[in-house]
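User: Hi! Could you walk me through this model? I have it open and will ask as we go.

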Amino acid sequence: MVKRLIAYTLLITGVVVAVLPFAVTFLASLKTGPELAKGVFSLPDDAQWHNYRQAWVQGQFQRFFANSVIVAVGVVIPAVVLSTLTGYALARFRFRGSGLAFTYLLLGLVIPLQAMVVPLYYVLRELGMLDSLIGLILPQIAMSLSFGTLLMRQCFQTIPKDVMEASIVDGANSWQSLWQVMFPLGRPMIGTVGLMFFIWTWNEFMLPLVVNINPKYHTLPVGLMYFQDRWTANIPLIAAGATIIFLPLILMFLLFQRQLIDGLTQGAVKG
Amino acid sequence: METTATGVERSSTPVRSSRRRIGSLEPWLYLLPGLLIFTAFMAIPTVGTIILSLTDWNGISWNTALFIGLDNYTRALGSGQFRNAFINNLQLIPFFVLLPAVMGIIPATMAHQLALRGGRWFQAGLFLPYIMPGVLIGVVWAWILNPIFGPVNRLLKSFGWAKPPVWLGDFTWALPTVGMIGAWAAYGFCYVVFLAGLKKIPTEQYEAARLDGAGFWQEFTAVTLPGLRGEIAVVLSINLINALRAFDVIKTTTDGGPGSETQVMALYMINSAFGSNQAGYGAAIAVLLSVVTLVGSMLILRLAGDRDG
């Protein structure tokens, strides 16, 4: 009994410590400065939603948010499709060079962005992609491919051979059997992979920091950093900006908790 | 059905050879788009880092690049700034690696052994910080620990501590504070990995230990720790990688300061390459950073993981 009490206390403390900073930030975003000075845990007397309007309009968060969404969609969908194609090729066909191609694509798992960001900047400069969203999208598709290929190949390998062969007997070519048979069967894994790509892209900081100087192309994390620099003392406003970033993540987390935890614990190895 | 059958039959004899050629090309057609984009934006820059690290280049126009062999490396290894950054990374290790592992394994063991209820909620709550961007974590903690309007020092002052530390701005406290933020961000992740591992340990092992009269601590060292060896290896090596690559949280909380008390390798690399226009030197630091990370994580995997083979 005492043991259980200790265990529950420990776990509840752990959860409170993990969640409290976000809760307190959300509360701060709805207060006035003087109100916040009186205490962080109290509920706001009168919710100051205009903090959000100010962050959204004057603070440019509408632009950062739109950029983040464009980049996330621009990375996640192509990266999922390309990983499906590479994973399928490596799982379905036996051909010379398949081992080499697989190893090559997996190298991305051990190469973090830090190891290549300096030349990547100059590659993007040569391509005229500095200060643009496409300059954030293409590298992040490449960075996602290793993990995607690994998981999609694994997933397609677990689908029994006769399922695939049945579709070929029905006269489907490999392209048709991919989209009509394999893709629907692999959907749970495809969902997990897509979620991982989304979180990584939404949270990416170093790449946009280095590649895009023009605030027009900032995504949320970089936008928040400069925002914090400019408004250091206006905590409610900074808190509103922070909430704009973490609310979509919390929403995702509530909806897809299991896939996210499974995927992130597996995908943690990725840079 | 009939049409497909005849269709297949008709094409089978004359077109066979060309079909087989397409057949061997087929997987490459699926691989092609992925390989192209991977090569352009991962492989070429990676090789580029190594090449660039052997040059002296201001990053402006290509024809100013000068091949200088290993000079950048000798310069980095001899530089006080690089050594300071490297040592700071090492000093983050106890906070980023060991602390969250301990903070994860103890509650995970208790929750598993006592079969506590509400596991899903605990898991969700504890894991939350791990999905958050480092910038957000940095901004939120910079406020919480702000010496003037942060809640922590307000609380400490109300308890009668007239001059509490200024945490992230303090020469002695800045690095441990950044370390604690890193530990805070990781312990829930460690908890989740350990709990999943504990579920895989056969219950008979615990029963046998209990029959032998083992107490909680003996059970922990004789059954739990060996049973979790794989998970421990994974957690420690991932935490180590995060300690050696630390960037986002530090950039947004201290930006390396005060002075260069929290300067780390990744920050020094970015500042050298882009802040002071020494692309070659920055690339050399990137290579050193990658080598250190690779060696470190391989060492941990070797020590903790492979033995049970």
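**Walking through the model**

Analyst: Happy to! B:Ala115 is exposed, with 8 other C-beta atoms within 10 Å. By definition, a residue is buried if 20 or more other C-beta atoms lie within 10 Å of its own, exposed if 12 or fewer, and partly exposed in between, with C-beta atoms placed from the backbone.

User: Before we go on, what kind of model is it, and how are things numbered?

Analyst: This is a predicted model, where local features need pLDDT of at least 70, side-chain atom pairs count only at pLDDT 80 or more, and totals for chains, interfaces and linings use all residues. Residues are numbered from 1 along each chain as its sequence is written, while chains are lettered from A and ligands numbered from 1 in the order in which they are written.

User: Thanks. Where is B:Ala115, and what is its phi?

Analyst: B:Ala115 sits in the loop between α4 (80–113) and α5 (119–127) of chain B. Its phi is near 45°, a positive value in a residue other than glycine. Most residues other than glycine have a negative phi, and most peptide bonds are trans. Helices here are DSSP runs (H or I, at least four residues), as are strands (E, at least two), numbered from the N terminus.

User: What is phi for A:Gln60?

Analyst: Phi of A:Gln60 is near 70°, also positive in a residue other than glycine. A:Gln60 lies in the loop between α3 (50–57) and α4 (61–92) of chain A. It counts as partly exposed because it has 18 C-beta neighbours inside 10 Å.

User: And which residues does the cis peptide bond join?

Analyst: B:Gly257 and B:Pro258, with omega about -5°. B:Pro258 is in the loop between α12 (248–253) and α13 (265–275) of chain B.

User: Switching to chain A: how many helices and strands?

Analyst: Chain A has 14 helices and 0 strands. Its C-alpha atoms fill a box of roughly 70 × 65 × 35 Å along the principal axes. Buried residues make up 48% of its 271 residues.

User: How do α12(A) and α13(A) cross?

Analyst: The axes of α12(A) and helix α13 (residues 235–255) of chain A come within 10 Å and cross at roughly 170°. The two helices are therefore roughly antiparallel to each other. That label is for angles over 145 degrees, with under 35 counting as roughly parallel, 65 to 115 as roughly perpendicular and the rest as oblique. Axes are lines fitted to C-alpha atoms, for helices over the stretch in contact, and angles run from 0 to 180 degrees between N-to-C directions.

User: Which residues make the contact?

Analyst: From α12(A) there are A:Leu220, A:Leu224, A:Phe227 and A:Gln228, and from α13(A) there are A:Ile238, A:Gly241, A:Ala242 and A:Ile245. By class, this contact has 6 nonpolar, 2 polar and no charged residues. Two residues are in contact if their C-beta atoms, placed from the backbone, lie within 7 Å. Ala, Val, Leu, Ile, Met, Phe, Trp, Tyr, Cys and Pro count as nonpolar, Asp, Glu, Lys and Arg as charged, and the others, Gly among them, as polar.

User: Nice. How many residues does each chain put into the contact between chains A and B?

Analyst: Chain B gives 66 residues and chain A gives 67. Helix α2 (residues 16–52) of chain B gives the most to the chain B side, with 17 residues. That side divides into 50 nonpolar, 13 polar and 3 charged residues.

User: Which residues touch the most other members of the largest nonpolar core?

Analyst: Of its 170 residues, those are B:Leu136, B:Cys190 and B:Ile285. Helix α8 (residues 174–198) of chain B gives the most to this core, with 15 residues. Domain 1 (2–52) and domain 2 (71–308) of chain B both give residues to the core, so it lies between them. A nonpolar core is a set of buried Ala, Val, Leu, Ile, Met, Phe, Trp, Tyr and Cys residues joined through C-beta atoms within 7 Å, and domain bounds come from an automatic or database domain assignment.

User: What about α6(B), enclosed or open?

Analyst: In helix α6 (residues 134–144) of chain B, 10 of the 11 residues are buried, so it is largely enclosed by the rest of the structure. Among them are B:Leu136, B:Trp141 and B:Trp143. The buried residues of α6(B) pack against α1 (2–28), α12 and α13 of chain A, together with α8 and α12 of chain B.
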